[in-house]
Amino acid sequence: MHQRKIIHVDCDCFYAAVEMRDDPTLREVPLAVGGDGGRGVVTTCNYKARAYGVRSAMPGSEARRLCPGLVTVPTDMGRYRAASQQVMAILREMTDLVEPLSLDEAFLDVSEVTDHKGSATLMARYLRERIRREVGITVSAGVAPNKFLAKIASDWEKPDGLFVIRPEDVDGFVRTLPVQKLFGVGQVTAAKLNALGVETCGDLQAIGPEVLMDRFGKQGYRLHEMAHGRDERSVVVSRIAKSISVERTFSQDLPDRAACETVMASLVADLNLRLTRKGGRKPIHKLFIKIRYSDFSTHTLERVREHVQEPEVEDYLPLFKELAGEKDRPVRLLGLGVRFRNDDAPVTQLRLFD
């Protein structure tokens, strides 16, 4: 099998980075984007603010308690979207095989790229330099033989870092890797694994795949594969989608409905990015929304909305109010999406072979 080369690029504290670029005085202070006023939540914060324990999705009031000198600026999605488009355009000059995950991160498959001596490390260095020069923000990059390791690598030297996991380094690297770092392992799964005496991928390798599948179902097999540093997922450029959605799990529960409404702007922006990329702007049939509360109960609601071309926060607010009701409950996960009319699906499929 051909050895793949995957780069994961992740902008450092993206919204805050754009703000600091456009107003250099903000570089000297702990900065939060969003979270102003009594009820908002922090969307992103810079590293000076993180040093005080401020985190994204934290209520602004709590952030100010932790960091009394915190400076907050309102979210400006238009400027962030423009910066994101610049970043993605630079990545797409390197290869067509770019899969954006949100406004500020993407996977690239550079296995077939011959520029930069065919070295993914040199490519990543070049991309970071160009983005710094042309967009005025820093990105961290991870280089590895697959997606799962590349994403871990990009986080390894944050901010403004480059970390490379070569094929021959994989075994040594995963052996000491804490299971919390694995994709899809949240607090609940981590606690179950710790109860089995599993702290690292090395410990996980010692448990047979049968035991893991027995304990964790289909996820057990993924855990077994990841523990060995394997991940066969390819970089997906576009596929025919019946629906497109984005969701975010918060490391700290969102306290109330107002906080959820604050977060929705960036979710809608990510959704529109995906729509442009995957949906090719097919006619939208329905909008849907998903809420998971802190007790893990999950609720969804969808409504036919045929007139919506490019969804906005205002389109989702009525659904959110209907689903969330009058009570404030802590929210763990928030998701938004659209479903397409499927009458044009066959046409789209034929077009692949024109």
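The face of helix α4 turned away from its buried side carries the exposed residues Gln85 and Glu93; exposed denotes over 50% relative accessible area, buried under 20% and partly exposed the range in between, with a 1.4 Å probe and protein chains only. The structure is a predicted model, in which local features need pLDDT of at least 70 and side-chain atom pairs count only at pLDDT 80 or more, while totals for chains, interfaces and linings use all residues. Residues are numbered from 1 along each chain as its sequence is written, and side-chain values use heavy atoms, with hydrogens and water left out. Helices (H or I, at least four residues) and strands (E, at least two) are DSSP runs numbered from the N terminus.

The buried residues of α4 are Met77, Tyr80, Ala83, Ser84, Val87, Met88, Ile90, Leu91 and Met94. Seen down the helix axis, these residues fall within an arc of 155°, so they line one face of α4; the arc is that of the directions from the helix axis to the C-beta atoms. The end C-alpha atoms of α4 are 26 Å apart, which agrees with the 26 Å that its 18 residues should span at 1.5 Å a residue. The expected span is 1.5 Å times one less than the number of residues.

Helix α5 (residues 120–134) has 15 residues and reaches 21 Å from its first C-alpha to its last, close to the 21 Å expected. Its buried residues are Ala120, Met123, Ala124, Leu127, Arg128, Arg130 and Ile131. They cover an arc of only 165° around the axis, which puts them on the same side of α5. These buried residues pack against β1 (6–11), α4 (77–94), β6 (105–109), β7 (139–144) and β8 (162–164), where contact requires heavy atoms within 4.5 Å. After α5 comes Gly136, with a positive phi near 80°.

Strand β7 is mostly covered, with 6 of its 6 residues buried. In a regular strand, side chains alternate between the two faces of the sheet. In β7, Val139, Ala141 and Val143 point one way, Ser140, Gly142 and Ala144 point the other way, and all are buried. Strands β1 and β7 run antiparallel and are joined by 6 bridges, pairing being assigned if DSSP finds at least two bridges between two strands. Val139 of β7 is the bridge partner of Cys11. Strands β7 and β8 run parallel and are joined by 3 bridges; here Gly142 has Phe163 of β8 as its bridge partner. From β7 the chain crosses through helix α6 (residues 147–156) to β8, and this β-α-β crossover is left-handed. A right-handed crossover would run clockwise from the first strand over the helix to the second, with the strands pointing away from the viewer.

A search of the whole structure finds 5 aromatic pairs. Rings of Phe, Tyr and Trp (its six-membered ring) pair if their centres lie within 6.5 Å; planes under 30 degrees apart count as stacked, over 60 as edge-to-face and the rest as tilted. The rings of Phe14 and Tyr15 have centres 5.8 Å apart and planes at 55°, so this pair is tilted. Phe14 counts as buried at 2% relative accessibility, and Tyr15 counts as buried at 7%. The pair of Phe163 and Phe173 is also tilted, with ring centres 5.9 Å apart and planes at 45°. Phe163 lies in strand β8 and Phe173 in helix α7 (residues 170–175), so the pair ties together parts that are 10 residues apart in sequence. Phe173 is buried, with a relative accessible area of 11%. Ring pairs also link Phe14, Tyr15 and Tyr80 into a cluster, and Tyr80 is among the buried residues of α4.
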